[in-house]
Amino acid sequence: MSAPIVIAGAGLAGLRTAEELRRAGYAGELVLLGDEAHAPYDRPPLSKQFVRGEIDSTPLRPEEFYGEKNIDLRLKTAAVGVDSAAKKVRLADGSALEYEHLVIATGLTPRRLPGTEDVTGVHVLRSHDDAVAIRESARTAEQALIIGAGFIGCELAASLRADGTAVVLVEPQPAPLAGVLGVEVGELVARLHRAEGVDLRCGTGVDTLLTDPDGRVRGARLADGSEVSAQLAVAGIGSRPVTDWLADSGIELAEPTAGGGVFADEAGRTSVPGVWAVGDVAAWRTPTGEHRRIEHWTNAGEQAKLLTCALLGTEPPSAPQVPYFWSDQYDLKIQALGTPRASDEIRILADDGRKFLAYYIREGRLAGVVGAGMTGRVMKMRSAIAAAAPVDELLGATQ
């Protein structure tokens with residue numbers, strides 16, 4: 001009897017891989033390892049409906065699903081090492097689990113502000129338990145300090161403002177999301193938050209967190225010398241791939257300075273036969289030969305399909321995949337198609353003072369589209385992005 005397929009990581013990517021294997025007809029033993037106490041759940045609502053108290057759980061599948069699909073879901077069971085020669089995964093309880101194939105889907109862990117581990121009221125947001133802690137702290141906080149105006153920081157700012165909490169949002173870059181979407185679009189996002197009453201401080205960072213005698217956060221001194229008060233602080237300063245447990249495995253890893261992660265080919269194969277990587281932790285090879293990690297919800301499902309086809313030896317989907325992600329902030333859905341980069345030429349095609357649409361142009365061709373409150377206009381550009389259409393032709397067709 002052959003060993004099981006073991007999936008290390010019970011987040012979205014791990015679950016989607018298990019689902020795709022069953023959908024493709026794999027009938028062998030399938031083990032899904034999760035280090036949390038919660039069955040696989042959806043993370044995007046944590047910074048929105050969950051933290052606002054509108055929902056209390058975000059399960060991706062009902063409890064009975066795992067039994068029906070014969071998926072051996074093992075919670076509170078962290079993978080802590082791999083013996084790739086013996087094809088065994090070492091678990092936190094000291095035991096080991098043999099595998100025929102191992103799929104690494106351990107995702108990311110948030111970066112924390114150094115020295116704040118014992119400060120009450122300072123949080124990060126990645127897990128269900130993180131969101132519970134933030135929601136509890138927000139109930140008594142008059143003002144929240146959010147450090148980092150990336151997607152998590154912006155979504156949290158919007159959610160806390162919707163609940164009536166005053167928010168100071170601090171970002172070292174010139175505008176929110178500037179490093180991802182460019183300053184031009186970042187300024188439009190900044191306008192949105194300021195219109196909703198957020199005290200947005202760009203071009204500065206947190207120098208020192210201030211605490212009361214009981215070790216609870218009471219505010220911060222910023223790098224520009226100003227001080228702000230806060231009874232709740234959330235650090236949204238990025239995440240790193242969970243790869244420490246792979247240190248002695250022989251599996252090739254990307255350098256932290258290059259974004260980290262597990263090197264894999266265009267179907268998820270790592271440098272070790274029988275070991276695969278999928279989702280946020282995986283640095284897949286792109287058509288240009290570079291390796292990139294894509295931290296998008298839709299990417300997890302698309303990679304799971306490709307990996308499953310390669311693992312089982314079936315024909316992969318032929319349609320080109322256009323990356324897609326979104327962020328809900330206030331009453332607007334900010335959507336992005338393609339691969340928008342801050343370094344692209346950015347043209348704002350529509351802006352009514354709140355909603356907007358922007359094209360991202362690379363070497364004269366459409367590389368991405370970002371819009372807020374313009375779902376139809378964003379999504380209809382999928383084929384143009386897939387074809388890398390010349391922007392002059394697109395603009396000429398709309399005039």
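This briefing describes the overall build, a pocket, the aromatic contacts and selected loop residues of a predicted model.

The model is predicted, so local features require pLDDT of at least 70 and side-chain atom pairs count only at pLDDT 80 or more, whereas totals for chains, interfaces and linings use all residues. Residues are numbered from 1 along each chain as its sequence is written, and side-chain values use heavy atoms, with hydrogens and water left out. The protein contains 10 helices and 26 strands; helices (H or I, at least four residues) and strands (E, at least two) are DSSP runs numbered from the N terminus.

**Overall build**

- For 399 residues, a compact globule would have a radius of gyration near 21 Å, and the 22 Å of the protein agrees with this. The radius is taken over C-alpha atoms, and the globule rule is 2.2 Å times the number of residues to the power 0.38.
- The C-alpha trace spans about 65 × 65 × 40 Å along its principal axes.
- Of the 399 residues, 50% are buried. Buried means under 20% relative accessible area, exposed means over 50%, and partly exposed lies in between (1.4 Å probe, protein chains only).

**Second largest pocket**

- The second largest pocket has a volume of about 1200 Å³. Among its 37 lining residues, Pro287, Ile294, Gln321, Pro323 and Thr339 are the closest to its centre.
- On a 1 Å grid over the protein atoms alone, a pocket is an open set of points where a 1.4 Å probe fits, with protein on both sides within 12 Å along at least five of seven lines; lining residues have an atom within 4 Å of a point. Grid points are joined across faces, edges and corners, and the volume is the space filled by probe spheres set on the points.
- At least two lining residues come from each of helix H1 (12-23), strand E20 (282-285), helix H7 (297-312), strand E26 (365-372) and helix H9 (382-386). The most are given by H7, with seven residues.
- By residue class, the lining divides into 15 nonpolar, 10 polar and 12 charged residues. Here Ala, Val, Leu, Ile, Met, Phe, Trp, Tyr, Cys and Pro count as nonpolar, Asp, Glu, Lys and Arg as charged, and the others, Gly among them, as polar.

**Aromatic pairs**

- The whole structure holds four aromatic pairs. Rings of Phe, Tyr and Trp (its six-membered ring) pair if their centres lie within 6.5 Å; planes under 30 degrees apart are stacked, over 60 edge-to-face, and the rest tilted.
- One of them is the edge-to-face pair of Trp297 and Trp326, at 5.9 Å centre to centre with 65° between the planes. Trp297 lies in helix H7 and Trp326 in strand E22 (residues 324-329), so this pair ties together parts that are 29 residues apart in sequence.
- Trp297 is partly exposed at 32% relative accessibility, and Trp326 is partly exposed at 24%.
- Tyr324 and Trp326 form a stacked pair, because their ring centres are 5.9 Å apart and their planes stand at 25°. Tyr324 is buried, with a relative accessible area of 14%.
- Through ring pairs, Trp297, Tyr324 and Trp326 are linked into a cluster.

**Charges over rings**

- The charged end of Arg61 sits over the ring of Phe65, 5.6 Å from its centre. The criterion places NZ of Lys or CZ of Arg within 6 Å of the ring centre and within 35 degrees of the ring normal.
- Arg135 lies over the face of Phe50, at 4.4 Å from the ring centre.

**Loop residues and backbone**

- Lys76, in the loop between strand E3 (72-74) and strand E4 (79-83), has a positive phi near 50° without being a glycine. Its relative accessible area of 66% makes Lys76 exposed.
- Glu363, which is not a glycine either, has a positive phi of about 55°. It lies in the loop between strand E25 (356-362) and E26 and is exposed, with a relative accessible area of 80%.
- Gly289 lies in the loop between E20 and strand E21 (291-292) and is partly exposed, with a relative accessible area of 40%.

**C-alpha separations**

- Gly289 and Ala235 are 54 residues apart along the chain, and their C-alpha atoms are separated by 34 Å.
- Ala220, in strand E14 (residues 217-222), is buried at 0% relative accessibility. Its C-alpha atom is separated by 36 Å from that of Tyr324, 104 residues apart along the chain.
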